[in-house]
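Please keep the sequence and the structure in view while reading.

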Amino acid sequence: MRPNFLVKHFLPKPLLLAALGGAVVLGGLGAQSAMAAQTSTVGVAAASDDAEARFFEMQELFWQFCAPDLEDSDELAAPSATETTSVDPVPADPYDPVPLDATEQCVADRNALRISKAFSGMDTTTYEAVQEKLTSLRYPAARIHRMPDQGGAPRARLDLRLGDDHAALEVTGTHLGVMVETFGASKGVSVTEVLLKPQLDEPTS
């Protein structure tokens, strides 16, 4: 599965790696510049649109990086009858997490790793600290959703969905950084409504 927002011209993967590395370094600077420009209601709306556009561009790079390499796979060029008739995963309960396919999982994992590295060593025991850092990493405020604290630890869910994909994250703050869990959300269901089992272990580094 691949969202329908991708452009037709793909970057070579070495260039994608460089671009993704740049997104990690420059994410905070871009978000701070957008925040500084919010001087009116119109400015806030424009900044929100800009934040979504930057998020869109970043996720497009992740999807390009994670997409199967068609040049190296003859099987992908001629999908089986089973593959062509498959449908999106639909859980028995729409509020259960949706299984992610290989590409979606790769995208979710890349975002999770990026976030974990950015939070490493930070004391993120307040929701405000989690939200501020996520927005500095080019995740729009509208995609960050506060959840009830878990044992006193702040939690946020991050909606990564674009097009028809299902990827989402749960980010739990700790005094060591954050714990990040990937999951899938059904189309039309808020990421806040997906029923996940609580995580119990804090990161060891």
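A salt bridge here is a side-chain nitrogen of Lys or Arg within 4 Å of a carboxyl oxygen of Asp or Glu. The model is a predicted one, in which local features need pLDDT of at least 70 and side-chain atom pairs count only at pLDDT 80 or more, while totals for chains, interfaces and linings use all residues. Residues are numbered from 1 along each chain as its sequence is written, and side-chain values use heavy atoms, with hydrogens and water left out.

The overall layout comes before the details. The protein chain has six helices and four strands; helices (H or I, at least four residues) and strands (E, at least two) are DSSP runs, numbered from the N terminus. Their order along the sequence is α-α-α-α-α-α-β-β-β-β. Of the 205 residues in the protein chain, 41% count as buried. Buried means under 20% relative accessible area, exposed means over 50%, and partly exposed lies in between (1.4 Å probe, protein chains only). The accessible surface of the protein chain is about 11300 Å², and carbon and sulfur atoms account for 57% of that surface. Such areas come from the Shrake-Rupley method with a 1.4 Å probe; for residues, only the protein chains shown count as cover. A contact means heavy atoms within 4.5 Å. Among contacts in the protein chain between residues at least 6 apart in sequence, 63% join residues at least 24 apart.

Side chains of opposite charge can pair when their charged atoms come close. Under the salt-bridge rule, the count is six. Which residue does Arg143 meet in a salt bridge? The partner of Arg143 is Glu52, at 2.7 Å from N to O. This pair links distant parts of the chain, 91 residues apart: Arg143 is in the loop between helix 6 (127-136) and strand 1 (144-150), and Glu52 is in helix 2 (residues 41-66). Arg143 has a relative accessible area of 11% and is therefore buried, whereas Glu52, at 29%, is partly exposed.

The strands hold a further pair. Arg155 and Glu170 form a salt bridge whose closest N and O atoms are 3.1 Å apart. Because Arg155 lies in strand 2 (residues 153-159) and Glu170 in strand 3 (residues 167-173), the pair ties together parts that are 15 residues apart in sequence. Arg155 is buried at 11% relative accessibility, and Glu170 is buried at 1%. A network of salt bridges links Arg155, Arg157 and Glu170. Arg161 pairs with Asp159, with 3.0 Å between the closest N and O atoms, and both residues are buried.

Back in the loop between helix 6 and strand 1 sits Arg138. Although Arg138 is not a glycine, its phi is positive, about 80 degrees. Arg138 counts as buried, with 18% relative accessibility.

Two packed helices are described by the angle between their axes and the distance between the axes. The axes of helix 5 (residues 102-119) and helix 6 come within 11 Å and cross at roughly 120 degrees. Axes are lines fitted to C-alpha atoms, for helices over the stretch in contact, and angles run from 0 to 180 degrees between N-to-C directions. Helix 5 and helix 6 are therefore oblique to each other, since angles under 35 degrees count as roughly parallel, over 145 as roughly antiparallel, 65 to 115 as roughly perpendicular and the rest as oblique. The contact is made by Ile115, Ala118 and Phe119 of helix 5 and by Ala129, Val130, Lys133 and Leu134 of helix 6.
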